[in-house]
Amino acid sequence: MTTKSREYLFSASVKAKAEQAAAARKDADRLACEAWNARMLGFRGPAPPSPAIGDALNAGYAYLEVKCLGCSTHQTVALDIVRRPKTTPVHELERYMRCKDCSAVRRYAFKRSQLIALRPSKITAGAPPSEMWPGERD
Ligand SMILES: [Zn+2]
């Protein structure tokens with residue numbers, strides 16, 4: 001006499017629950033990124049608390065838009081190549097941002113920058129930098 005294996009009995013429900021959990025995590029990460037973006041674009045901060053790098057990547061936000069306070073250009077940083085643990089909150093990256101152009105002109109690492117928002121893509125002609133505030137130059 002044989003019985004049905006546990007694999008046969010439960011594997012479908014185990015798989016379904018795991019998929020539900022992954023979908024819920026992705027949803028939560030996306031909402032956290034949207035909430036942070038709304039706060040940064042609407043109120044310009046405060047940046048902390050912010051989603052973790054891994055959460056942003058999971059939600060499909062692969063880039064962080066940063067504005068250099070020296071030359072006021074908006075640039076994007078790819079979050080998947082940042083050499084920090086994936087649990088690092090996004091706002092902690094602010095102090096490591098340096099502008100290549102400003103550093104070349106000044107001959108020292110120019111680090112003053114402002115976090116703008118998380119983005120799913122780089123800045124291109126089709127996906128321009130995020131809205132600027134009225135009265136802001138350029
Ligand atoms: Zn600059």
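Where is Asp55 found, and in which helix?

Modeller: Asp55 is found in helix α2, which covers residues 53-58. First, some ground rules. This is a predicted model, in which local features need pLDDT of at least 70 and side-chain atom pairs count only at pLDDT 80 or more, while totals for chains, interfaces and linings use all residues. Residues are numbered from 1 along each chain as its sequence is written, and side-chain values use heavy atoms, with hydrogens and water left out. Helices (H or I, at least four residues) and strands (E, at least two) are DSSP runs, numbered from the N terminus.

Back to Asp55. Asp55 is partly exposed, at 32% relative accessibility. Buried means under 20% relative accessible area, exposed means over 50%, and partly exposed lies in between, using a 1.4 Å probe and protein chains only. Set aside residues up to four places away in sequence, and Asp55 touches Asp29 and Cys33. Touching, or contact, means heavy atoms within 4.5 Å. Thr88 sits 33 residues from Asp55 along the chain, yet their C-alpha atoms are separated by 9.6 Å.

Now step back along the chain. Ala47 lies in the loop between α1 and α2. Ala47 counts as buried, at 13% relative accessibility. Not counting residues up to four places away in sequence, Ala47 touches Trp36, Arg39, Met40, His91 and Leu115. Take Trp36 from that list. Trp36 and Ala47 are 11 residues apart along the chain, and 7.7 Å separates their C-alpha atoms.

Next comes helix α1, which spans residues 6-43 and holds Val14. Val14 is exposed, at 54% relative accessibility. Together with Tyr8, Leu9 and Phe10, Val14 makes a nonpolar surface patch of about 440 Å². Patches are made of residues with over 30% relative accessible area and no salt bridge; like charges are joined within 9 Å, and nonpolar side chains (Val, Leu, Ile, Met, Phe, Trp, Tyr) within 5 Å. The areas come from the Shrake-Rupley method with a 1.4 Å probe, and for residues only the protein chains shown count as cover.

Charge pairs are next. Side chains of opposite charge can pair when their charged atoms come close. A salt bridge is a side-chain nitrogen of Lys or Arg within 4 Å of a carboxyl oxygen of Asp or Glu. The whole structure has 3 salt bridges. One joins Asp27 to Arg30, with the closest N and O atoms 3.1 Å apart. These two are 3 residues apart in helix α1, so about one helical turn separates them. Another joins Arg30 to Glu34, again with closest N and O atoms 3.1 Å apart. Arg30 and Glu34 are 4 residues apart in helix α1, about one turn of the helix. What about exposure? Asp27 is partly exposed at 39%, Arg30 is partly exposed at 30%, and Glu34 is partly exposed at 33%.

A further salt bridge pairs Arg119 with Glu65, the closest N and O atoms being 3.0 Å apart. This pair links distant parts of the chain: Arg119 is in strand β3 and Glu65 in strand β1, 54 residues apart. Strand β3 covers residues 113-119. Arg119 is buried, and so is Glu65. For Arg119, the relative accessibility is 7%. Leaving aside neighbours within four places in sequence, Arg119 has contacts that include Tyr61, Tyr63, Thr76 and Pro128.

Last, the metal site. The protein donors of the zinc ion are the SG atoms of Cys68, Cys71, Cys99 and Cys102, lying 2.2 to 2.4 Å from it. Donors are N, O and S atoms within 2.8 Å of the metal (3.2 Å for Na, K and Ca), and sites may look incomplete because water is not among the atoms. The 4 donor atoms subtend angles of 106 to 114°, which makes the arrangement tetrahedral. Four donors count as tetrahedral if all angles lie between 85 and 135 degrees. The ideal angle for four tetrahedral donors is 109.5 degrees. In sequence, the donor residues are spaced C-x2-C-x27-C-x2-C. Cys71, in the loop between β1 (63-68) and β2 (74-78), and Cys99, in the loop between β2 and α3 (100-106), link distant parts of the chain, 28 residues apart. Cys71 is partly exposed at 30%, whereas Cys99 is buried at 4%.

Technical notes
Four donors count as tetrahedral if all angles lie between 85 and 135 degrees; four count as square planar and six as octahedral if opposite donors are over 155 degrees apart and all others between 65 and 115; anything else is irregular.
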